[in-house]
Amino acid sequence: MDLKGKAHCVYKRIIEKDASFLTDFFALSDKKRKEILEQLDAKALECLTNIIKTSKQKIFDEHHKKFLEIASANINTPVYLIDETLVEENMKVLRYVKDRTGCKILHALKAYATFATFPIMRKYLDGVCASGLNEARLGFEKFKKEVHTFGAAYKHEDMEDIIRYSDVLIFNSFYQLENFGNLAKEKGKGVGIRVNPGYSDIKVEIYNPCAPYSRLGIIYEIFKKQYNKFSHIIDGLHFHALCEQNADSLERVLDSFKKLFGPFLMKNKNLKWVNFGGGHHITRDDYDIELLISLIRDFKRDFKVQVYLEPGEASVLNAGVLIATVLDIVENKKKIAIIDASAEAHMPDVLLMPYRPYVLNSSEEEKKQHDYRIGGPSCLAGDIIGDYFFDKPLKPGDKIVFKDMALYTIVKNTTFNGINLPDIAVIKKSGEIKVIKSFGYRDYLSRQS
Ligand SMILES: Cc1ncc(COP(=O)(O)O)c(C=O)c1O
């Protein structure tokens, strides 16, 4: 069948809201998929976006039920359990944004670095972004595609290796650029500079790189004074100003960025790319994918540059859980379940952000009868995960399944109190569950002296 015929078939299936063709669609070569997308009108494209979203939601709902079945069977806990199928579903959404816009998407290793699932991710993405030497090396060795590194300040002695493992180096100051930029260029690497876009919607100050006195990203007043001196070695600009946000937040950040830095992009043809950073919650159910697509397309049209996104959370959002076992129930005015996983050691953002993770089969409200506070086994009084209601009373040996635990957990956990790190297990696409790593005394010992 010729391209027109194929596009017509796809069009028909889209209009009929037939999700079954998505498997074939994503199996097409990149070139073919893009050609078909170019043949579709705005109505069909919007329809396709909705089909991709609803099909993904359905698969996530089904697989979340499986997490409960696996937890009630015989599985060692605590364990981070990552579902390859769900990672791939997220990847398809990111790939679709790439197909529609021609942007490049890098996975942020800081959020998730479980390289057992990289073979699936690398099929869909352009590479990774790293925060320094170790992540750059991991990206180089295990992801084996583009590596873009941004560090708030690099150490002199690390530079040779960082340059070796990275394709692009992004600097946080003109001082660091002056020291290391030429070296990177001599080795044929790309060079960028991170700027402060001057606006962010992030309300939690420790997560806001545009908060007063932020050290992340050069502010406009300094950029405008010094840029000309270094413009010959700068290939691109980077900003990062989102955290778990929708495309409307990106629109506001872009308005500010364009006002401040747009004239430099217009004037200087050395600038070939702009990296919109991370924090785009693209794979969340309510994310406005169409708005993101139009923002990227408009930006590329206006400034004639390549656009990069580097989400971390979106890659593995809701694709993994942490399963724990109730060890004891103690009482102090209410029932408190002590489990074998710790907020402090195994899910630190629960305390830092703070937030209350969702527990499968529980409720926030009194609709369910049995009320428990769930806490970890450590000595920290505040090692509390949250208050939850259940249908049935909890007892020692029961399993608790915390949702959305692939991101910012494994990369951040500690052995505080000498508590063992959770196993890391993967549900393969075949359904097989593979424990890929277990930890013990040796891991604790290796970090002490
Ligand atoms: C520079 C940079 N890029 C990408 C990310 C990834 O962000 P997220 O995981 O929220 O998408 C972060 C997160 O802090 C970041 O600082």
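Q: If two residues count as being in contact when their C-beta atoms, placed from the backbone, lie within 7 Å, which residues does Leu 81 touch, leaving aside those up to four places away in sequence?
A: In this predicted model, Leu 81 touches Phe 67, Ile 70, Gly 320, Val 321, Ile 323, Ala 425 and Ile 427, so the C-beta atom of each of these lies within 7 Å of that of Leu 81.

Q: What makes Leu 81 stand out in the largest nonpolar core?
A: This core has 112 residues, and Leu 81 is among those with the most contacts inside it, together with Tyr 80, Leu 94 and Leu 322. Because membership requires a buried residue, and buried means 20 or more other C-beta atoms within 10 Å, Leu 81 must meet that count. Helix α11 (residues 247-267) gives the most to this core, with eight residues.

Q: Why is the side of domain 1 that touches domain 3 described as having no charged residues?
A: Six residues of domain 1 are in contact with five of domain 3, and the domain 1 side has four nonpolar and two polar residues; since only Asp, Glu, Lys and Arg count as charged, none of these four types is on that side.

Conventions:
Residues are numbered from 1 along each chain as its sequence is written. This is a predicted model: local features need pLDDT of at least 70, side-chain atom pairs count only at pLDDT 80 or more; totals for chains, interfaces and linings use all residues. A nonpolar core is a set of buried Ala, Val, Leu, Ile, Met, Phe, Trp, Tyr and Cys residues joined through C-beta atoms within 7 Å. A residue is buried if 20 or more other C-beta atoms lie within 10 Å of its own, exposed if 12 or fewer, and partly exposed in between; C-beta atoms are placed from the backbone. Helices (H or I, at least four residues) and strands (E, at least two) are DSSP runs, numbered from the N terminus.
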